[in-house]
Amino acid sequence: MKPKAIPLSAWVGIGLLLVSVLPFAITAYQIRESQDSLVNQVQQTHLVSVDATADKVSSYLLGLQNLLKSVGDNPRFIDSLNTSFSDELLASTLLVHDEILAVAIYNNNDRRDLVQIAQKKPVGSFVQAVFEQAGQQDFQAIELNNQSYLVARELTRNSDYVVLALVDRSKLKELLAVPALNDAVLGLSNGQNAMIEGRINDFQ
């Protein structure tokens with residue numbers, strides 16, 4: 001027995017069905033491709049923003065380090081501590097960055113006695129209490145009286161003294177705010193599992 005041929009109307013119906021479904025399939029594919037492309041673009045934008053932020057933060061911190069290094073490497077300064085020359089040099093460092101609140105010289109020994117200090121008037125007497133909490137890191141966040149400060153540290157050329165700077169963290173917070181990430185604040189670690197700035201308390 002011969003199989004029945006499919007009527008022409010059925011073929012027409014199948015063809016119309018395929019024609020009607022095909023645009024939806026193409027559209028769904030295009031939407032998926034567009035979504036993947038959009039995700040890739042957003043991720044790339046975020047990576048570029050984070051890299052640019054890292055460069056700005058690194059440049060800022062390097063500037064602070066170089067400033068302290070210029071003080072500690074000055075042989076005349078070391079030889080004339082507690083003189084008008086050293087007073088003027090320390091005072092001038094306060095003018096380089098508005099956020100530098102104080103600069104001090106301490107003996108680099110177990111007692112770490114204060115040798116000389118220059119500070120801005122509004123800072124008050126808590127400066128030494130902050131410096132006394134500073135460890136061996138180049139940068140460290142120190143909290144005192146519910147206020148948090150950045151302390152930068154640099155050894156003098158002969159390693160007999162330590163130059164410390166008390167820095168307001170507002171500039172660092174500004175640098176770490178990334179508009180492309182909806183003003184998210186990135187975390188900054190000192191490399192020893194301790195946060196300097198950011199919303200995360202600890203890096204694991």
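## Q140 in strand 3

At 17% relative accessibility, Q140 counts as buried, a label given to residues under 20% relative accessible area, with exposed meaning over 50% and partly exposed in between (1.4 Å probe, protein chains only). Q140 belongs to strand 3, which spans residues 139-144; helices (H or I, at least four residues) and strands (E, at least two) are DSSP runs, numbered from the N terminus.

The side chain of Q140 reaches the backbone nitrogen of G135 at 2.6 Å, a polar contact in the sense of a pair of N or O atoms within 3.5 Å, where within protein one must be able to donate a hydrogen and the other to accept it, and residues adjacent in sequence count only if both atoms are side-chain atoms. Not counting residues up to four places away in sequence, Q140 touches Q133, A134, G135, Y149, L150 and V151, contact being defined as heavy atoms within 4.5 Å.

## Basis and confidence of the model

This is a predicted model, in which local features need pLDDT of at least 70 and side-chain atom pairs count only at pLDDT 80 or more, while totals for chains, interfaces and linings use all residues. Residues are numbered from 1 along each chain as its sequence is written, and side-chain values use heavy atoms, with hydrogens and water left out.

The average pLDDT of the chain, which is the predictor's confidence in each residue from 0 to 100, is 74, and 61% of the residues score at least 70. Over residues 8-22 the pLDDT is below 50, and this stretch has one contact in the model beyond near neighbours in sequence. For residues 199-204 the pLDDT also stays under 50, and the model has 12 contacts beyond four places in sequence for them. Where pLDDT is low, the predicted coordinates should not be read in detail.

## Overall architecture

The chain contains five helices and nine strands, arranged along the sequence in the pattern α-α-α-β-β-α-β-β-β-α-β-β-β-β. Of its 204 residues, 33% are buried, and among contacts with a separation of 6 or more, 47% are between residues 24 or more positions apart. The accessible surface, calculated by the Shrake-Rupley method with a 1.4 Å probe, for residues with only the protein chains shown counting as cover, comes to about 12900 Å², of which 55% belongs to carbon and sulfur atoms.

## Nonpolar cores

A nonpolar core is taken here as a set of buried Ala, Val, Leu, Ile, Met, Phe, Trp, Tyr and Cys residues joined through side-chain atoms within 4.5 Å. The largest has 28 residues, of which L61, L64, F77 and I105 touch the most other members. Elements giving two or more residues to this core include helix 2 (75-79), helix 3 (84-93), strand 1 (100-107) and strand 5 (161-167), while helix 1 gives the most, with seven residues.

Leaving aside neighbours within four places in sequence, F77 is in contact with V71, F85, S86, L89, L90 and I105. A second, separate core of 15 residues includes L101, V127, V130 and L164.

Strand 5 is largely enclosed by the rest of the structure, because seven of its seven residues are buried. On one side lie Y161, V163, A165 and V167, and on the other V162, L164 and L166, so that both faces of the strand are covered. In a regular strand the side chains alternate between the two faces of the sheet.

Strand 5 pairs in the antiparallel sense with strand 1 over seven bridges and with strand 4 over six bridges, two strands being paired if DSSP finds at least two bridges between them. Y161 is the bridge partner of N107, and V167 is that of L150. The hairpin of strand 4 and strand 5 has five residues between the strands, and in this hairpin S159 takes a positive phi near 65 degrees.

N108, in the loop between strand 1 and strand 2, is partly exposed at a relative accessible area of 34%. The side chain of N108 reaches the backbone oxygen of S159 at 2.9 Å, and N108 and L155, although 47 residues apart in sequence, are 8.1 Å apart C-alpha to C-alpha.

R112 lies in the loop between strand 1 and strand 2 and is buried, with a relative accessible area of 17%; its phi is near 45 degrees, a positive value in a residue other than glycine. N82, in the loop between helix 2 and helix 3, counts as exposed at 51% relative accessibility and has a positive phi of about 60 degrees. Most residues other than glycine have a negative phi, and most peptide bonds are trans.
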